[in-house]
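Dear colleague,

I am passing on a structure that I would like you to look through, and my notes on it follow below. Please read them alongside the sequence and the coordinates.

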Amino acid sequence: MGSHDPIWRSSRNPIIPRDATPTSNGVFNSAAVPFGTGFAGVFRCDDRHRRMRLHTGFSGDGVSWQVKPEPIFFEIPDPQIEKPEYGYDPRVCRLDGRYYVTWCTGFHGPAIGLAVTDDFARFEMIENALLPYNRNGVLFPRRIGGKAMMLSRPSDNGHTPFGDIFLSQSDDLVHWGKHRHVMAGIQPWESTKIGAGPVPIETTEGWLLLYHGVLTSCSGYVYHAGVALLDLEQPWKVRRRAAAYILSPHETYERMGDVPNVVFPCAAIADPATGRIAVYYGAADTVTCLGFTTVEALFGHMEAFPS
Ligand code: BMA
């Protein structure tokens, strides 16, 4: 109430505490989708060994979540596909009637892992979509010109001090190519690197893309969220973009935690009838939070702060 920001926070934040499972050190940077009569998700749970693992979670209302205590077991149909050394920052995308999970997978360095599920119980790994070093693989929720499309952010093996968003295309979700450059950081808040956030939201004007943008301050990285509009048919073309961020670490739970000053959106659930959007974001690499916005508010922000 009374917020003039393009995203307003749930008063129930953080909606998932760091100790949501008996062994979790933090639950953050996670993905949620409508599923059955409620919601399902894939959660980044770093455990108390500080191993980065993916867990499923379920919710009736999208706010109260039961995160499974044990990590996802990925079935690997082709023994040539290596078992992930770790997994973090998942996204879930409903595409061609199935749920695809993309995540940053340990494959001799960070790469883009890809798996599919129909029921959030059995997950089958597909070939890693992109080579190391890469993070923030995000699928589009429908084929465009017959092709599956994925955003990603080529990186290095560490706390990458650079990075633009690229797009890759595929007929079969195994072979990816026709790579296109999408966007680079422009403003100070996104000057170090940017990376796609939630699965893009389709509007009549284009694909709404929420993304994270990083500034390097005297005391380290500061992760913000921004918004851009990608072309409907050629989504590597940026049609509009807001110069001002839409979310920045201002609340205590975003400013204090294992990695301070991080907001990191990984999922957005949109209601087409009303244009309302719920955004799930990780805060301070520790907890999971919820913010709300609307299609109208995001377009209004891009208009108020043109890039
Ligand atoms: C990035 C990723 C994110 C994390 C962020 C801030 O490189 O590892 O998972 O939220 O750093 O630590």
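Accessible areas in these notes come from the Shrake-Rupley method with a 1.4 Å probe, and for residues only the protein chains shown count as cover. On that basis the chain exposes about 12,900 Å², of which carbon and sulfur atoms supply 53%.

Please keep in mind that this is a predicted model, in which local features need pLDDT of at least 70 and side-chain atom pairs count only at pLDDT 80 or more, while totals for chains, interfaces and linings use all residues. Residues are numbered from 1 along each chain as its sequence is written, and side-chain values use heavy atoms, with hydrogens and water left out.

Confidence and overall form

The mean pLDDT (the predictor's confidence in each residue, from 0 to 100) is 98 for the chain, and 100% of its residues reach 70 or more. The chain contains two helices and 22 strands, where helices (H or I, at least four residues) and strands (E, at least two) are DSSP runs numbered from the N terminus. Among these elements, the lowest mean pLDDT, 97, belongs to strand 1 (residues 8-9), and the highest, 99, to strand 13 (residues 165-170).

The radius of gyration, taken over C-alpha atoms, can be set against a globule rule of 2.2 Å times the number of residues to the power 0.38. For 307 residues a compact globule would have a value near 19 Å, and the 18 Å of the chain agrees with this. Along the principal axes, the C-alpha atoms fill a box of roughly 50 × 45 × 45 Å. Taking contact to mean heavy atoms within 4.5 Å, I find that 51% of the contacts between residues at least 6 apart in sequence join residues at least 24 apart.

Buried residues and cores

Buried means under 20% relative accessible area, exposed over 50%, and partly exposed in between (1.4 Å probe, protein chains only); buried residues make up 57% of the 307 in the chain. In soluble globular proteins, nonpolar side chains tend to be buried together. A nonpolar core is here a set of buried Ala, Val, Leu, Ile, Met, Phe, Trp, Tyr and Cys residues joined through side-chain atoms within 4.5 Å. The largest such core has 34 residues, and those with the most contacts inside it are Leu151 and Ile165. Strand 12 (residues 148-154) gives the most to this core, with four residues. Apart from it lies another core, of 30 residues, among them Val33, Trp103, Ala278 and Tyr280. Leaving aside residues up to four places away in sequence, Ile165 touches a set of residues including Leu151, His181, Met183, Ile194, Leu209 and Tyr211.

Cysteines

The structure holds zero disulfides, a disulfide being a pair of cysteine sulfur atoms within 2.5 Å. Cys93 is in no disulfide, and the nearest cysteine sulfur, that of Cys266, is 13 Å away. Cys93 is buried, at a relative accessible area of 3%. The sulfur of Cys289 lies 12 Å from the closest cysteine sulfur, in Cys266, which is too far for a bond, and Cys289 counts as buried at 0% relative accessibility.

Backbone features to inspect

Most residues other than glycine have a negative phi, and most peptide bonds are trans. A cis peptide bond joins Asn13 and Pro14, with omega about -15°, and Pro14 is found in the loop between strand 1 and strand 2 (24-35). Another cis peptide bond joins Pro132 and Tyr133, with omega about -5°; Tyr133 has its place in the loop between strand 10 (123-125) and strand 11 (134-139).

Arg50, although not a glycine, has a positive phi of about 70°; Arg50 lies in the loop between strand 3 (38-47) and strand 4 (52-59) and is partly exposed, with a relative accessible area of 48%. Asn136, also not a glycine, has a positive phi of about 60°, but Asn136 is found in strand 11 and counts as buried at 4% relative accessibility.

Two further positions

Pro272, in the loop between strand 20 (263-271) and strand 21 (276-283), counts as exposed because its relative accessibility is 78%. Gly300 has its place in helix 2 (residues 295-304) and counts as partly exposed at 37% relative accessibility; the C-alpha atoms of Gly300 and Ala242, 58 residues apart along the chain, are separated by 9.5 Å.

With best regards
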